[in-house]
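Colleague: Hi! Could you walk me through this structure in plain words?

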Amino acid sequence: FYSAHSDNSWAEPGTRLNYRHYTCILYCNEGWTADDGGALRLYLDSAELMIPADAKKKCKHVDVVPANGRLLVFDSALVHSVEKVTQSKTPRQALTLWILRPEDSGARGEVYYTGE
């Protein structure tokens with residue numbers, strides 16, 4: 001499981017750490033149910049928090065069951081965590097990708113290979 005974090009935290013007030021704009025997760029878990037655990041906990045209204053761990057105390061959350069074929073897309077600045085898997089018969093599987101914002105957006109941090 002993963003502790004509360006953001007895929008695009010603040011580097012400093014007013015500047016994001018990277019270019020990630022949206023987080024996209026496709027779940028690949030045949031027959032998965034809420035009883036199997038492993039839900040993604042998404043903390044609502046948490047994008048402006050400087051310290052991700054504060055979301056647990058300050059924000060309401062919604063749990064998303066990693067059901068097979070479910071596609072979840074959310075703002076990369078939102079704090080989220082993954083709850084513990086409670087069964088051992090199959091691993092929890094997910095494909096994650098990030099949709100990036102333009103490099104002139106004021107973000108900093110990541111450097112990408114341009115082929116030049």
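Modeller: Happy to! One term to begin with: two strands pair if DSSP finds at least two bridges between them. And please keep in mind that this is a predicted model.

Colleague: Found them! What is the strand order in the open sheet of four strands?

Modeller: The order is β1-β8-β5-β6, with antiparallel pairing. At the edges sit β1 (2–6) and β6 (61–64), each of which pairs on one side only. Going from one strand to the next, the twist averages 20°.

Colleague: Let's zoom in on a residue. Which strand does Arg41 lie in?

Modeller: That one is in strand β5, residues 40–43.

Colleague: And why does Arg41 count as buried?

Modeller: Because its relative accessibility is 19%, and buried means under 20%.

Colleague: Nice link! Switching topic: what is the order of strands in the open sheet of three?

Modeller: There the order is β7-β4-β9, and the pairing is antiparallel. The edge strands are β7 (71–75) and β9 (94–100), each pairing on one side only. Neighbouring strands of this sheet are turned by 20° against each other on average, direction ignored.

Colleague: Over how many bridges do β4 and β7 pair?

Modeller: Five, in the antiparallel sense, with β4 spanning residues 20–27.

Colleague: Now the whole chain. How many helices and strands does the chain have?

Modeller: One helix and nine strands. From the N terminus on, the elements run β-β-β-β-β-α-β-β-β-β.

Colleague: What share of the residues counts as buried?

Modeller: 40% of the 116 residues. The chain exposes about 7300 Å², and carbon and sulfur atoms supply 54% of that area.

Colleague: Last one: what share of the contacts with a separation of 6 or more comes from residues 24 or more positions apart?

Modeller: They account for 80% of those contacts.

Technical notes:
Residues are numbered from 1 along each chain as its sequence is written. This is a predicted model: local features need pLDDT of at least 70, side-chain atom pairs count only at pLDDT 80 or more; totals for chains, interfaces and linings use all residues. Side-chain values use heavy atoms; hydrogens and water are left out. Helices (H or I, at least four residues) and strands (E, at least two) are DSSP runs, numbered from the N terminus. Axes are lines fitted to C-alpha atoms, for helices over the stretch in contact, and angles run from 0 to 180 degrees between N-to-C directions. Buried means under 20% relative accessible area, exposed over 50%, partly exposed in between (1.4 Å probe, protein chains only). Contact means heavy atoms within 4.5 Å. Accessible areas come from the Shrake-Rupley method with a 1.4 Å probe; for residues, only the protein chains shown count as cover.
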